[in-house]
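Have the 3D view ready as you read.

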Amino acid sequence: MIQKNRYFRRSKISEAKFRQLVRYFAMDLTATDCAQLCGLSLRSVNSIYLRMRARMAEHCEARSPFVGELEADESYFGPRRVRGLRGRGAGRKTVVFGLFKRGDCVYTEIVPDASKRTLQAIIRGKADIASIIHTDGWRGYDGLVDVGFDKHFRVSHGANEFARGSVHVNGIESFWSFAKRRLAQFNGVPRKTFYLHLKETEFRFNHRNQNLYHAILAQKQSALIRCAANPAVQGRVKSAD
């Protein structure tokens with residue numbers, strides 16, 4: 001039996017139709033718009049979108065260790081700050097940590113808090129010890145030198161210092177701006193699928209200088225449509241179904 005679609009096993013969707021769907025996905029069209037343009041059901045498009053995001057997440061999680069000149073920072077996603085609540089992440093915001101390799105790629109991770117223990121555990125797991133680390137003055141980055149990162153440079157945003165020569169975190173902050181602008185188009189992303197949308201945004205950013213349509217198909221050729229093999233990603237996908 002001739003396989004109908006080499007990118008999507010046991011699919012009733014032809015390869016030509018599937019390629020059309022991927023092209024619209026690469027253009028960042030919503031599932032609703034894609035379904036109308038492709039003549040497919042919204043349920044089918046949502047299912048494929050979900051699986052593509054899962055494979056993107058798997059690809060992003062596998063990138064490590066980062067080595068070179070890196071920027072580390074945390075950001076907060078979610079509803080506007082609730083009046084009367086103070087502090088980082090106030091107002092039910094989701095805390096996301098990011099590690100950016102200058103001139104290259106970014107890695108993001110949802111974290112429970114921005115504590116020193118949480119942030120430095122990720123840095124130690126994802127960054128090569130020989131890397132140059134740039135951060136702001138947040139106390140969560142105190143002591144990186146003590147754990148082996150001898151080249152740790154900081155800018156003090158609290159003192160209105162945003163750059164001192166090559167010492168800055170402008171790269172990772174540029175990614176945060178890109179991510180928030182992109183996610184705003186969804187008018188609110190449910191918590192259960194936020195991880196996959198975040199990783200899709202990370203994948204798009206990391207392939208910003210490439211043809212995204214071809215990059216996605218390349219991932220499909222390596223079994224993009226299957227459920228993620230990474231247990232952490234697989235768990236995220238199941239919770240989003």
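Start with helix 1 (residues 15-26) and helix 3 (residues 42-61), whose axes come within 11 Å and cross at roughly 65°. That makes helix 1 roughly perpendicular to helix 3, a label for angles of 65 to 115 degrees, while under 35 is roughly parallel, over 145 roughly antiparallel and the rest oblique. Helices here are DSSP runs of H or I with at least four residues, numbered from the N terminus. Axes are lines fitted to C-alpha atoms over the stretch in contact, with angles running from 0 to 180 degrees between N-to-C directions.

Before going on, keep in mind that this is a predicted model: local features need pLDDT of at least 70, side-chain atom pairs count only at pLDDT 80 or more, and totals for chains, interfaces and linings use all residues. Residues are numbered from 1 along each chain as its sequence is written, and side-chain values use heavy atoms, leaving out hydrogens and water.

Back to our pair: F18, L21, V22, Y24 and F25 of helix 1 meet V45, I48, Y49, M52, R53 and M56 of helix 3, where contact means heavy atoms within 4.5 Å. This contact has 10 nonpolar residues, no polar ones and 1 charged. (Ala, Val, Leu, Ile, Met, Phe, Trp, Tyr, Cys and Pro count as nonpolar, Asp, Glu, Lys and Arg as charged, and the others, Gly among them, as polar.)

Now follow helix 3 to another partner. The axes of helix 3 and helix 6 come within 8 Å and cross at roughly 65°. On the helix 3 side you'll find L50, R53, A54, M56, A57, H59, C60 and E61, and on the helix 6 side Y195, L196, H197, K199, E200, E202 and F203. By class, that contact splits into 8 nonpolar, 2 polar and 5 charged residues.

Helix 6 (residues 191-206) also meets helix 5 (residues 170-184): their axes come within 10 Å and cross at roughly 125°. That makes helix 5 oblique to helix 6. Here F175, F178, A179, R182 and L183 touch F194, H197, E200, T201, E202, R204 and F205, giving 6 nonpolar, 2 polar and 4 charged residues.

So what about the space inside? There is 1 cavity of 30 Å³ or more, a cavity being a set of points on a 1 Å grid over the protein atoms alone where a 1.4 Å probe fits but cannot get out. Its lining includes F25, Y49, R53, R182 and E200, lining residues being those with an atom within 4 Å of a point. The lining divides into 4 nonpolar, 1 polar and 4 charged residues.

Technical notes: 1 Å grid on protein atoms, 1.4 Å probe; cavity = no way out; pocket = protein on both sides within 12 Å on 5 of 7 lines; lining within 4 Å. Points joined across faces, edges and corners; volume = space filled by probe spheres on them. Helix = DSSP H or I, 4+ residues; strand = E, 2+ residues; numbered from the N terminus.
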